[in-house]
Amino acid sequence: MKNIVAVYPGSFDPPTNGHIDIIKRASKIFSKVIVAVTHNCNKKHMFSLEDRVSMMKEAVKSIKNVEVSSFSGLLVDYLDKIDSFCIVRGLRALSDFEYEFQMALMNRKLKQDVETIFLVPDQEYTFLSSSTVREIASLGGNFKNFVPKSVYKEMIKRGKENV
């Protein structure tokens with residue numbers, strides 16, 4: 001196996017068990033996985049960037065070859081900064097594929113040597129998204145089984161009015 005650093009980018013607002021599943025799968029393939037938390041200007045975030053990084057660090061602390069970082073700007077510029085060329089993305093359903101495929105091609109257009117690896121989560125998580133978790137939480141539903149325990153505790157601490 002080559003010594004390849006892969007980057008798993010996302011807003012992770014909040015981190016879900018589906019995200020953790022993809023991270024675990026990637027950690028078995030790559031020598032190092034960097035979970036790169038970013039601010040998405042097209043989304044209204046529930047948690048600050050610092051909070052999302054902190055929650056993700058707590059959620060992946062037991063996975064030895066995973067580190068959590070944050071970045072802003074173009075992903076390809078971040079890849080240059082950390083000397084990587086490999087992006088990991090999760091595909092839950094066919095609807096994810098079209099968007100992710102376009103992003104993979106655009107990233108390759110911006111930086112020719114970029115490779116995007118698509119991983120499929122356990123079928124248990126194919127319906128799961130951060131926005132779904134936020135909606136369930138805001139409506140008072142039980143979301144305990146959809147996020148890591150540390151994330152659940154943080155969301156409960158914030159209370160329903162802040163979710």
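This is a predicted model: local features need pLDDT of at least 70, side-chain atom pairs count only at pLDDT 80 or more; totals for chains, interfaces and linings use all residues.
Reader: Happy to start with the charged pairs. How many salt bridges does a search of the whole structure find?
Author: The search finds 10 salt bridges.

Reader: What makes lysine 61 and glutamate 58 a salt bridge?
Author: Their side chains meet at 2.8 Å, N to O. The cut-off is 4 Å between a Lys or Arg side-chain nitrogen and a carboxyl oxygen of Asp or Glu, so the pair qualifies.

Reader: Nice. Which residue forms a salt bridge with glutamate 100?
Author: That is arginine 89, with the closest N and O atoms 2.8 Å apart. Glutamate 100 belongs to helix 4 (residues 94–110) and arginine 89 to strand 4 (residues 86–90), so this pair ties together parts that are 11 residues apart in sequence. Both glutamate 100 and arginine 89 are buried.

Reader: How do you know that arginine 108 and glutamate 115 still count as a salt bridge?
Author: Good one to check! The N to O distance is 3.8 Å. That is within 4 Å, so the pair counts. Arginine 108, at 39% relative accessibility, is partly exposed, and glutamate 115, at 35%, is partly exposed. Elsewhere, salt bridges with shared partners join Asp80, Lys111 and Asp113 into one network.

Reader: Where is lysine 111, and why is it called buried?
Author: Lysine 111 sits in the loop between helix 4 and strand 5 (115–119). Its relative accessibility is 14%, and buried means under 20%, so lysine 111 is buried. Leaving aside neighbours within four places in sequence, lysine 111 is in contact with Val76, Leu79, Asp80 and Ser84.

Reader: What span is expected for helix 1, and what does the model give?
Author: Helix 1 (residues 17–29) has 13 residues, and at 1.5 Å a residue the expected span is 18 Å. From first C-alpha to last, the helix reaches 19 Å, close to that value. Its buried residues include Ile20, Ile22, Ile23 and Ala26.

Conventions. Residues are numbered from 1 along each chain as its sequence is written. Side-chain values use heavy atoms; hydrogens and water are left out. Helices (H or I, at least four residues) and strands (E, at least two) are DSSP runs, numbered from the N terminus. Buried means under 20% relative accessible area, exposed over 50%, partly exposed in between (1.4 Å probe, protein chains only). The expected span of a helix is 1.5 Å times one less than its number of residues. Contact means heavy atoms within 4.5 Å.
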